[in-house]
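Good morning, and thank you for coming.

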Amino acid sequence: MLASQRKQHILEILARDKQVHSTELSQRFSVSEDSIRRDLRELAAAGLLQRVHGGALPVSAAIAPFETRKTVQIDAKRSVAQKAAALIGPGQVVIIDGGQPQRR
C-alpha cells in the first residue's frame, strides 16, 4: 500500500473512531510505528488531524486551509450536493456563499 493510500485510510479510521493509536495502525498496515508517526506528522502539518502522545485526534475541518479541506470526505460532500440539488425546482435560484460570517 502506498503511503498516500495509508494516510487516506488513517483519516477514514479517524473519522469513524474519533481517535487513532500509532501501535494499532502499525499492526493494521504492517508497517513500523515510525512510518505511522511520520504519516501522522504529515497529516497534522496539513491540518487534517491533531497529534497527541501515542496517536491522533480529529481537528475541526474549518481550521484547515481550503486546499486541504476540499480533499477531505469527498464522497460525503458529493452525496450532500446531490440531495440538495434534488430539492431545487425549475426556475428556482440558489446562492451559496463560502464567505466568513459578519460580526455585529
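I begin with a definition: helices (H or I, at least four residues) and strands (E, at least two) are DSSP runs, numbered from the N terminus. This is a predicted model, in which local features need pLDDT of at least 70 and side-chain atom pairs count only at pLDDT 80 or more, while totals for chains, interfaces and linings use all residues. Residues are numbered from 1 along each chain as its sequence is written, and side-chain values use heavy atoms, with hydrogens and water left out.

Let us start with Asp39, which is found in helix α3. Is Asp39 buried or exposed? Asp39 is buried, with a relative accessible area of 2%; buried means under 20% relative accessible area, exposed over 50%, and partly exposed in between, with a 1.4 Å probe and protein chains only. Leaving aside neighbours within four places in sequence, Asp39 is in contact (heavy atoms within 4.5 Å) with Ala3, Arg6, Lys7 and Ile10.

I turn now to helix α2, residues 22-29, where Ser22, Leu25, Ser26 and Phe29 are buried. Seen down the axis of α2, these buried residues fall within an arc of 105°, so they line one face of the helix. The arc is that of the directions from the helix axis to the C-beta atoms. As a general point, an α-helix has 3.6 residues a turn, so residues three or four places apart point the same way. On the other side of α2, Glu24, Gln27 and Arg28 are exposed. What do the buried residues of α2 pack against? They pack against α1, β1 (20-21), α3, β2 (50-52) and β3 (55-57). After α2 comes Ser30, whose phi is positive, near 55°.

Next, the strands. An open sheet of three strands has the order β1-β3-β2, with antiparallel pairing; two strands pair if DSSP finds at least two bridges between them. β1 and β2 stand at the edges, each with a single partner strand, so one side of each is left without a neighbour in the sheet. β2 and β3 run antiparallel and are joined by three bridges. Arg51 stands opposite Ala56 in β3.

Thank you for your attention.
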